[in-house]
Structures are given as structure tokens and as C-alpha cells.
Amino acid sequence: MKEQTLASPIEFSGTGLHTGEAATMRVLPAPAGKGIVFRRVDLDNFELRADVGSVERVAYATTLMNRGVWISTVEHLLSALYGMGIDNAFVELDNFEVPILDGSGLPYVEAIERVGIAAQDSPRNYLQITKSFALTENGKTIAIHPSESFSIEYEIGFPHPLIGHQKLEVEITPDNYARLVAPARTFGFYEEVEKLQASGLVRGGSLENAIVLTENGMLNETSLRFPDEFVRHKILDLLGDFALIGQSVRGRIVANRAGHALHTRFVAELLESTEHWKVIPSTVGSGVQLQTN
Ligand SMILES: [Zn+2]
């Protein structure tokens with residue numbers, strides 16, 4: 001397996017979910033070994049790497065920051081690139097928030113499928129989980145266990161008639177990501193909108209880019225894309241935050257009621273816990289590297 005990039009550039013325009021600001025974004029091919037690098041074209045192409053060292057604020061959306069320059073709400077784009085197996089890309093943005101589009105990863109997947117994916121010269125390395133690692137905080141947990149493939153199991157519970165208890169496990173392959181995860185949209189609660197807007201959040205939120213839940217149903221007049229669209233979006237978000245690891249992973253993630261703050265803390269602490277993983281080239285079969293401890 002080789003590292004991969006886009007075969008040609010793709011472009012998106014829209015509004016930021018939280019700032020309500022208009023932005024245009026281009027995602028371009030990048031050389032092997034580059035990773036995902038954002039460029040603020042409105043600030044002399046100032047570069048921000050999509051890695052865990054750049055994460056700044058994560059209450060409602062994942063923000064990258066370096067020397068006072070920031071790019072917000074990167075998680076859906078990063079999720080789609082990671083889910084589709086894109087290792088390297090430049091992301092040019094003319095403002096400080098990635099456009100929310102329809103609130104899912106589907107517009108990215110469709111654009112990637114339209115231009116195609118190009119294999120590069122370098123073999124892809126994998127971060128192989130060799131020993132289970134877990135984090136718990138206020139009843140929320142995330143763990144990762146050794147596995148020969150990469151999968152996410154997510155479980156949520158909200159006392160709402162459209163959600164209730166939802167649990168799903170998906171093996172993350174490009175095909176599964178495109179069909180089972182990418183279409184799931186952002187969701188939020190109508191009763192929280194006013195409070196969030198008072199804090200400068202969800203100013204670009206609308207029924208075009210989010211499922212807005214009322215006490216007993218939803219404001220959107222369309223139907224859900226999946227009966228369990230909510231847990232699928234949690235998988236989409238977790239994958240976007242997990243992409244900050246900057247490398248393909250072999251392991252089985254199990255998450256329960258987590259959110260962006262715990263997702264990004266998990267990635268940072270996992271990377272520091274070097275006795276729980278090792279980096280191996282894709283030419284080495286995963287099974288032989290597994291330890292039993
Ligand atoms: Zn999201």
C-alpha cells in the first residue's frame with residue numbers, strides 16, 4: 001500500500017457553521033510525506049499542519065491554531081480525507097472557518113470520487129496498536145485495542161425520541177466510509193441554539209446544514225438519512241479528530257458518549273503513550289506484529 005493524494009484539485013464554497021462567514025476552499029494534491037497542511041491564502045499562505053500539536057479549542061468544533069492564526073471546524077474535512085485514504089493534501093482557505101456545506105462528509109466524498117485518488121511513490125506506514133489504551137472522563141470513554149484492521153464502535157444515549165440508544169461498529173475502509181459514515185449530518189438541539197449563538201457559536205447554522213432537534217422531533221422537513229444517523233455522525237466526528245494522529249492506524253476504537261474535547265485529548269495521550277503502539281511499514285503483515293500483553 002502506497003501513500004495517496006488527490007488526482008486533481010477540488011473546490012468548495014459555503015458558510016462557516018459557527019462564524020457564519022463565507023469561505024472558499026481548495027483541496028490540492030501534495031507530495032508524499034507532507035500530511036494534511038492548511039494554508040490561509042488570505043494571510044500570505046500561512047501554513048497550519050493538521051496535527052495534534054496544533055489543536056486549540058475543541059468544545060463544539062475542532063480548531064487548529066499556530067502563532068495566533070487559526071482555522072476552525074476542520075473535523076468533517078479531515079474525516080473525509082482520512083476515511084477515503086488521502087494521506088497528503090494542501091487545503092487552501094480564504095477565511096478562518098471551513099465551510100459546513102450540508103453538515104456531513106458527503107460533498108467531500110463525492111468530489112474525491114469525481115477526481116480520483118493517486119498512489120504515490122512512498123510506502124504507507126501504519127501505527128499498529130500493540131496494547132489497549134483507554135481514557136475515561138465524566139462517564140465518557142474512548143479506548144483503542146489491537147486489531148488487524150481499523151474500526152470504530154460508537155455508542156450514544158440521548159433521552160430524545162429520535163435518538164435514544166444507538167450503537168454501531170464500522171470497519172473504516174474507503175467504501176464503508178463513503179456509504180455508511182460520510183452522509184451522516186451534524187445535529188443539535190433547538191433549545192440550545194440561542195445560548196450557543198450568544199457565545200458566538202452556530203451563527204451559520206441552518207436546516208440546510210444540520211439536523212435541528214426539538215423536544216419531540218426535528219425542525220427539518222426532510223427525513224433522516226439513516227435511522228441511526230446521529231451515532232454515524234459521531235463516528236464521522238471521531239474519525240476527523242483521530243485524523244490528527246497524522247498516520248493510518250490499525251486498531252479497534254470503542255467510544256461511549258464522547259465529544260471533540262475527549263477525542264482530541266485521546267489522540268494526544270495515545271501518541272505520548274509510546275508503549276501502546278509501534279509504527280510499521282505496510283509491507284509488514286499486521287498480525288505478526290501483535291503482542292499479547
Ligand atoms: Zn460534526
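**Exercise 1. The zinc site**

Task: Which arrangement do the four donor atoms around the zinc ion make?

Solution. This is a predicted model.
Step 1: list the donors. The zinc ion is coordinated by His76 (NE2), His233 (NE2), Asp237 (OD) and Asp237 (OD). The distances run from 2.1 to 2.7 Å.
Step 2: check the angles. They span 53 to 147 degrees.
Step 3: compare with the cut-off. Four donors count as tetrahedral if all angles lie between 85 and 135 degrees. For reference, the ideal angle for four tetrahedral donors is 109.5 degrees.
Step 4: conclude. The arrangement around the zinc ion is irregular, because of its angles of 53 to 147 degrees.

**Exercise 2. The donors in sequence**

Task: How are the donor residues of the zinc ion spaced in sequence?

Solution. 
Step 1: write the pattern. It reads H-x156-H-x3-D.
Step 2: Histidine 233 and aspartate 237 both lie in helix H5 (residues 229–242). They are four residues apart, about one turn of the helix.
Step 3: check burial. Histidine 233 and aspartate 237 are both buried.

**Exercise 3. Aromatic pairs**

Task: How many aromatic pairs does the structure hold? Classify two of them by the angle between their planes.

Solution. 
Step 1: count. There are eight aromatic pairs.
Step 2: take phenylalanine 12 and tyrosine 108. Their ring centres are 4.9 Å apart and their planes meet at 70 degrees, so this pair is edge-to-face. Phenylalanine 12 sits in strand E2 (residues 10–15) and tyrosine 108 in helix H2 (residues 106–115), so the pair ties together parts 96 residues apart in sequence. Both phenylalanine 12 and tyrosine 108 are buried.
Step 3: take phenylalanine 133 and phenylalanine 266. Here the centres are 5.6 Å apart and the planes are at 50 degrees, so the pair is tilted. Phenylalanine 133 belongs to strand E11 (residues 133–137) and phenylalanine 266 to helix H6 (residues 260–272), so this pair ties together parts 133 residues apart in sequence.
Step 4: check burial. Phenylalanine 133 is buried at 10% relative accessible area. Phenylalanine 266 is buried at 1%.
Step 5: look for a group. Phe158, Phe187, Phe189 and Phe230 form one aromatic cluster.

**Exercise 4. Charges over rings**

Task: Over which ring does arginine 39 lie, and over which does arginine 232 lie?

Solution. 
Step 1: arginine 39 lies over the face of phenylalanine 90, at 3.9 Å from the ring centre.
Step 2: arginine 232 lies over the face of phenylalanine 226, at 4.0 Å from the ring centre.

**Exercise 5. Positive phi**

Task: Is aspartate 44 buried or exposed? Is valine 202 buried or exposed?

Solution. 
Step 1: recall the rule. Most residues other than glycine have a negative phi.
Step 2: read the angles. Phi is near 55 degrees for aspartate 44. For valine 202, phi is near 45 degrees.
Step 3: locate them. Aspartate 44 is in the loop between strand E4 (36–40) and strand E5 (46–49). Valine 202 is in the loop between helix H4 (190–198) and strand E16 (211–213).
Step 4: answer. Aspartate 44 is exposed, because its relative accessibility is 78%. Valine 202 is buried, because its relative accessible area is 14%.

**Exercise 6. The largest pocket**

Task: Which element gives the most to the lining of the largest pocket?

Solution. 
Step 1: note the volume, about 1,000 Å³.
Step 2: find the lining. It has 43 residues, and Tyr60, Phe187, Gly188, Phe189 and Glu192 lie nearest the pocket's centre.
Step 3: answer. H4 gives the most, with six residues.

Key. Residues are numbered from 1 along each chain as its sequence is written. This is a predicted model: local features need pLDDT of at least 70, side-chain atom pairs count only at pLDDT 80 or more; totals for chains, interfaces and linings use all residues. Side-chain values use heavy atoms; hydrogens and water are left out. Helices (H or I, at least four residues) and strands (E, at least two) are DSSP runs, numbered from the N terminus. Buried means under 20% relative accessible area, exposed over 50%, partly exposed in between (1.4 Å probe, protein chains only). Rings of Phe, Tyr and Trp (its six-membered ring) pair if their centres lie within 6.5 Å; planes under 30 degrees apart count as stacked, over 60 as edge-to-face and the rest as tilted. A charge sits over a ring if NZ of Lys or CZ of Arg is within 6 Å of the ring centre and within 35 degrees of the ring normal. Donors are N, O and S atoms within 2.8 Å of the metal (3.2 Å for Na, K and Ca); water is not among the atoms, so sites may look incomplete. Four donors count as tetrahedral if all angles lie between 85 and 135 degrees; four count as square planar and six as octahedral if opposite donors are over 155 degrees apart and all others between 65 and 115; anything else is irregular. On a 1 Å grid over the protein atoms alone, a cavity is a set of points where a 1.4 Å probe fits but cannot get out, and a pocket is an open set with protein on both sides within 12 Å along at least five of seven lines; lining residues have an atom within 4 Å of a point. Grid points are joined across faces, edges and corners, and a volume is the space filled by probe spheres set on the points.
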